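Subject: Structure handover

Hi,

Here is the structure for you to look at. My notes follow below it.

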Amino acid sequence: MNDRPDLAAELDCDGAHVGEEDAPYEEARRLLGPDRIVGVTCGDSRHRALVAAEAGADYVAFGAFFPSATKLATKYRATPALLRDWSETTVVPCCAIGGITMQNCGPLIEAGADFLAVIGAVWSHPNGPREAVREFNAVFAGYSRAQI
């Protein structure tokens, strides 16, 4: 559940993702307990990601990487170098967010993103979300962990 750990707890979701404007990590963890997933948006800040990881976040998210119609007022612009640095020096998984499409995700995968947030690319795909997922899977098939 995005942005709403209270609803995630109420609806028995697997977890929640919180951003800067949402409930703080500690509140999300309190609401969801130790066994559910809590991810934290960190913009373009390695420091914020380290703080979240040390507090116990299950993953951190960096971005936006590209302009996005999902959240128009993105004040941070992350780079693939941040993903690479994070993935080479920590064990906490990272997610890339913000304007990610099948056409632009390659450098993020190569840089070490463990997850991609692809809301707009899936839900706005002209042939529907099922086709979007098929296309993303075709892109992912072109990469192997040995290459990355």
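First, a term: on a 1 Å grid over the protein atoms alone, a pocket is an open set of points where a 1.4 Å probe fits, with protein on both sides within 12 Å along at least five of seven lines; its lining residues have an atom within 4 Å of a point. This is a predicted model, where local features need pLDDT of at least 70, side-chain atom pairs count only at pLDDT 80 or more, and totals for chains, interfaces and linings use all residues. Residues are numbered from 1 along each chain as its sequence is written, and side-chain values use heavy atoms, with hydrogens and water left out.

The pocket. The second largest pocket has 15 lining residues. P24, Y25, E26, V40 and A52 lie nearest its centre. Helix α3 gives the most to this lining, with four residues. Helices are DSSP runs of H or I with at least four residues, and strands are runs of E with at least two, numbered from the N terminus. α2 (25-32) and β2 (37-41) also supply at least two residues each.

The helix pair. α3 (residues 46-55) and α4 (residues 80-89) have axes that come within 11 Å. They cross at roughly 35 degrees. Axes are lines fitted to C-alpha atoms, for helices over the stretch in contact, and angles run from 0 to 180 degrees between N-to-C directions. R46, A49, L50 and A53 in α3 meet L82, D85, W86 and T89 in α4. Contact means heavy atoms within 4.5 Å.

The strand. F115 lies in β5 (residues 115-116). Beyond its neighbours within four places in sequence, F115 contacts Y59, P93, C94, C95 and A96.

Best wishes
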